[in-house]
Amino acid sequence: MHGPASPGWLLVALCAATGAYCLLRMRSGDEWQRRAAGGEALMGFGMAVMAVPAAAFTPPGWAWPVYAAVFGAAALRALWAARSDAHHLHHLVGSSAMVYMAVAMAASPAAHHSPAHADAGAAHGGSGVPLLTGALLLYFAAYVLVSGVRLLPAAGGSAGVVAWGDRPELARACRLSMGIGMLAMLLTM
């Protein structure tokens, strides 16, 4: 995405709004909902910061290793939590993808670029899509499609008034938007 910065800012807005809604979900009375929302808020805000167009902000050289460390810790936490709940495997993949992008950005000669403006050849030293990027693209494309299907309305009525932080369809929409954001970031690496 070496064109206008508008798509980058739209991605920042989408991810920041998703992170903000996930913070709202952390007030839920359901402990599982609170734990999942915390990891998703970190992912949303992290993606928003990483997607800021390079023309607006050039991160210092130490930012990418810090990013890798923060999301590496999040990946370890997701791996630990996946022992009891398979949903955390998705968090593991997402956090690992963030580590991958941060390491690719730190290793690129122009490490000050955001993923939305990264040079694909500099990130992996060759032409074409690297195997890991391709695998992550396939995973997130499948995730987005499955999440989109899950948002289709089901037959039947509503079960009553549910608090904003506990609405399952909004949580699914939140995860869908982060999956779309991750696809966009991976495509522009």
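**Notebook: an aromatic pair and its surroundings**

I began with W64 and Y67, which sit three residues apart in helix α3 (residues 63-81) and so are separated by about one helical turn. Helices here are DSSP runs of H or I, at least four residues long, and strands are runs of E, at least two, numbered from the N terminus. An α-helix has 3.6 residues a turn, so residues three or four places apart point the same way.

A note on what I am reading: this is a predicted model, in which local features need pLDDT of at least 70 and side-chain atom pairs count only at pLDDT 80 or more, while totals for chains, interfaces and linings use all residues. Residues are numbered from 1 along each chain as its sequence is written, and side-chain values use heavy atoms, with hydrogens and water left out.

**Rings**

I searched the whole structure and found four aromatic pairs. The ring centres of W64 and Y67 are 5.8 Å apart and their planes meet at 50°, so I logged the pair as tilted.

Are W64 and Y67 buried or exposed? W64 is buried at 3% relative accessibility, and Y67 is buried at 14%. (Buried means under 20% relative accessible area, exposed over 50%, partly exposed in between, with a 1.4 Å probe and protein chains only.)

I also noted R83 over the face of W80, at 3.7 Å from the ring centre. (This needs NZ of Lys or CZ of Arg within 6 Å of the ring centre and within 35 degrees of the ring normal.)

**Core**

Next I checked the largest nonpolar core, which has 36 residues; M47, M50, M98, M101, M182 and L186 touch the most other members. α1 (6-25), α2 (31-50), α3, α4 (88-107), α6 (131-150) and α7 (168-187) each supply at least two of its residues. (Such a core is a set of buried Ala, Val, Leu, Ile, Met, Phe, Trp, Tyr and Cys residues joined through side-chain atoms within 4.5 Å.)

In α6, I found T133, G134, L136, L137, F140, Y143, V144 and S147 buried.

**Whole protein**

I counted seven helices and zero strands. Of the 189 residues, 42% count as buried.

Note on methods: Rings of Phe, Tyr and Trp (its six-membered ring) pair if their centres lie within 6.5 Å; planes under 30 degrees apart count as stacked, over 60 as edge-to-face and the rest as tilted.
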